[in-house]
Amino acid sequence: MIEFDTTVRIDRAREPVFALLADFESNLARWAKGPVAARRTAGDGGADSCYMITAKVGPAKVRSPYEVTGYDPPARFAGHGIAGPVRFHEEYSLTADGTVTILTQSIRATPRGPFRLAEATLRRQLKRLIASDLDRLKNLAEAEIPQN
């Protein structure tokens, strides 16, 4: 199993950062590499909501389910899903530090099938991907959310 945390400081308040993070249908494809669309298939966007995430993998588009398992605005968002050969559970915690949001993504991922043999490589790739995704989220939030 792959487990690690990634933290980024965002120069914006928690409430609008949480709104940007948790609105998958409008924003996931804007800050996460891979997804090109997200469509809610059940729920109201909060806990127990389900999404179908469409991602581009090379020339193909792949659809994967995602379920929101924790929703506590503006402090916590969690869910689990499948990304290719990897099942994962992620949790985002947002802590206020004045007008700055400290966003930490914790992930537990389990490669399936023959990909279990490449766990060390997958760990390195996943760490780079998540750091890059959170950096895009930070840049998006700082560019689009008015500062208090």
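Analyst: Strands here are DSSP runs of E with at least two residues, helices are runs of H or I with at least four, and both are numbered from the N terminus. Two strands pair if DSSP finds at least two bridges between them. In this pairing, Glu67 has His80 of β5 as its bridge partner.

A word on the source: this is a predicted model, where local features need pLDDT of at least 70, side-chain atom pairs count only at pLDDT 80 or more, and totals for chains, interfaces and linings use all residues. Residues are numbered from 1 along each chain as its sequence is written, and side-chain values use heavy atoms, with hydrogens and water left out.

Now zoom out. The open sheet has 7 strands in the order β1-β7-β6-β5-β4-β3-β2, with antiparallel pairing. β1 (2-10) and β2 (35-42) are at the edges with a single partner strand each, so one side of each has no neighbour in the sheet. On average, neighbouring strands are turned by 25° against each other, direction ignored. (Axes are lines fitted to C-alpha atoms, for helices over the stretch in contact, and angles run from 0 to 180 degrees between N-to-C directions.)

Helix α1 (residues 14-22) packs on this sheet, touching β1, β3 (50-57), β4, β5, β6 (86-97) and β7 (100-111); contact means heavy atoms within 4.5 Å. The direction of α1 makes about 165° with that of β6. Helix α3 lies across β1, β6 and β7, at about 20° to β1.
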